[in-house]
Amino acid sequence: MALNPRTRGPRRTLWTFAAIIIALSAALLWGVWPIILKYIGHTPVEYFYIVIYTTSLIFIWIAGFALDGSALIGNMSEVAAIAPIKVAASFGTGVFYVAASMLSMNVMQAIGLALSQPIISSINVLLGTAISFLIGGVPQNMTIGRIVLACAFLVAAVFLTSLASRARRPASRDEASHGKGEVTPRILILTFFGALGGVFYSTGVAFSLKSTTQPVGLSVMPFLCLLISGAWIGAMIICGSLMTRKKAWGMVKLVKPKLYAMITAASVVHYSGNILHAFATRALSAGVSWPLGVTSGLWTQVWGLAYGEFKNASHKAYLYLSAGVACYLLGSAVIAHII
């Protein structure tokens, strides 16, 4: 039965709005999991990565078979026969993502959640969205002028956040040890390369996931299963080698069961966000869903503020930080056609 042309537009608009809500919900989940960084203590970051990707691997494959059943492997085989490069790219994306995200993890620990996320998120949006458009296609009604305007807001967010760092009162040694260091040129360089983790992810989504602008590609759960498998292998190789070189395996026995439970919860929250974001991408295209997803940085900033990273800061610092957040929101809204 043919769809009534008069209702096609409104229904499509309603579905698009629902997909935007799903993408924003994914951003909420992505913005919550970094809280775990406040509790890992002296646990080696490399071991933290091994645990979080192991629990994520188990969660995603269980969810994949629960949602898709036998179609999970069937879709992988089908796409591998038509476009094997998309299957390989999904797996490879996970490997590169781990290497880059380890750098962003170190940045978060060095300067705190409230300062690191606006910078990382802005770089992710600029590069990730541009690549998503080039590879995954451009949705209808998206203009160059809108993209340029969004980029202007996002670049402004980076500079305003840096000003917030300089306006904040000098950090004591104790504060610096809790992730309240200054945003230096070295930190900015590390942040750039760390932010490439998100760029690798958005590229993999745009290229390998089937969506409204990408007719040939993997379904949601097969894509995520391949992605997390690559990420797990990358974490085991990279982090395992670093742990061996640093002779840090002995510290594993100091990790308390409570931390394992928290890491497992963080894994479930993070990759539940991945599932929601992938489903949103099918309707919106990667070029639109990605900037919406990267608003996760705003939630991480909220938690950074809640944990006192800007405690006793000057009013000027809060003003700059608020302006940076506002610019980031405006940039993401413009590129996602919300305004």
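Let me start with the largest nonpolar core, where a nonpolar core is a set of buried Ala, Val, Leu, Ile, Met, Phe, Trp, Tyr and Cys residues joined through side-chain atoms within 4.5 Å, and buried means under 20% relative accessible area with a 1.4 Å probe and protein chains only. Of its 60 residues, Phe48, Tyr49, Tyr53 and Leu224 touch the most other members, and the largest share, 12 residues, comes from helix α9, residues 220–246, helices being DSSP runs of H or I, at least four residues, numbered from the N terminus.

This is a predicted model, in which local features need pLDDT of at least 70 and side-chain atom pairs count only at pLDDT 80 or more, while totals for chains, interfaces and linings use all residues. Residues are numbered from 1 along each chain as its sequence is written, and side-chain values use heavy atoms, with hydrogens and water left out.

Leaving aside neighbours within four places in sequence, Leu224 is in contact, meaning heavy atoms within 4.5 Å, with Ile60, Tyr201, Asn274, Ile275 and Ala278. A second, separate core has seven residues, among them Ala19, Ile20, Leu284 and Leu292.

Turning to helix α2, its 24 residues reach 34 Å from first C-alpha to last, close to the 34 Å expected at 1.5 Å a residue, that span being 1.5 Å times one less than the number of residues. Within α2, which covers residues 45–68, sits Ser56, and Ser56 counts as buried because its relative accessibility is 2%. A polar atom of the Ser56 side chain lies 2.6 Å from the backbone oxygen of Ile52. Beyond four places in sequence, Ser56 touches Ile228, Ser267 and Tyr271.

Definitions and conventions. Helices (H or I, at least four residues) and strands (E, at least two) are DSSP runs, numbered from the N terminus. Buried means under 20% relative accessible area, exposed over 50%, partly exposed in between (1.4 Å probe, protein chains only). A polar contact is a pair of N or O atoms within 3.5 Å; within protein, one must be able to donate a hydrogen and the other to accept it, and residues adjacent in sequence count only if both atoms are side-chain atoms.
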